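Please open the model in your viewer and keep the selection panel at hand. The stops below tell you what to select next and what is there.

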Amino acid sequence: MAVLLDTSVLIGAQSGPADDAAISVVSLTELHIGVLVARDEGTRAMRMARLAAIEAHFDPIAFDAPAARECGRLHAAVASRGGQPRRRAFDLAIAATANVLEVPLLTLNVGDFEIIADLVDVRVA
């Protein structure tokens, strides 16, 4: 694996993922939430189809004890820098997973990670 994909890439991708990309189980959580909170059946169906394709393509990386420790460190850094880590909980869990795996995090929302740009290798998709 060369890169971990942020959920934003999975939602906004215009083409299929690279063969050397991986996803976190945390992204699957966000995608399942998106299906369940869809405002109408058409949106729900579209999100479900995307989720099914993603689940068929990837074997997601687990959020394990090393990722939990790293996530705690990132939460503390955000808090100490005046940010609100709870609002970024999923983003920080995905970033922590990328750090533990020692791979870049590929995102469409680089602004979500600005406060910890010195702690995570974040790249724009």
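What covers the buried residues of α2? Before answering, note that this is a predicted model, in which local features need pLDDT of at least 70 and side-chain atom pairs count only at pLDDT 80 or more, while totals for chains, interfaces and linings use all residues. Residues are numbered from 1 along each chain as its sequence is written, and side-chain values use heavy atoms, with hydrogens and water left out.

**Stop one: α2**

Select residues 25-36, which form helix α2; helices (H or I, at least four residues) and strands (E, at least two) are DSSP runs, numbered from the N terminus. Within α2, Val26, Ser27, Leu28, Leu31, Gly34 and Val35 are buried, where buried means under 20% relative accessible area, exposed over 50% and partly exposed in between (1.4 Å probe, protein chains only). The cover over these buried residues includes β1 (3-5), α1 (7-12), β2 (21-23), α3 (41-57) and α5, with contact meaning heavy atoms within 4.5 Å.

**Stop two: α2 beside α5**

Show α5 (89-101) as well. Helices α2 and α5 pack at an angle of about 150 degrees, with their axes 9 Å apart (axes are lines fitted to C-alpha atoms, for helices over the stretch in contact, and angles run from 0 to 180 degrees between N-to-C directions). The contact is made by Val26, Ser27, Thr29, Glu30 and Ile33 of α2 and by Phe90, Ala93 and Ile94 of α5.

**Stop three: α4**

Next select residues 65-80, the helix α4, where Ala67, Glu70, Cys71, Leu74, Ala77 and Val78 are buried. The buried residues of α4 pack against α5, whereas Arg69 and Ser80, on the other side of α4, are exposed. At the start of α4, a side-chain oxygen of Asp64 reaches to within 3.1 Å of the backbone nitrogen of Ala67, and just after the helix Gly82 takes a positive phi of about 90 degrees.

**Stop four: Val103**

Finally, select Val103 in the loop between α5 and β3 (105-107), where Val103 is buried, with a relative accessible area of 10%. Not counting residues up to four places away in sequence, Val103 touches Met1, Ala2, Val3, Leu4 and Ala98.

Notes: The expected span of a helix is 1.5 Å times one less than its number of residues. A polar contact is a pair of N or O atoms within 3.5 Å; within protein, one must be able to donate a hydrogen and the other to accept it, and residues adjacent in sequence count only if both atoms are side-chain atoms.
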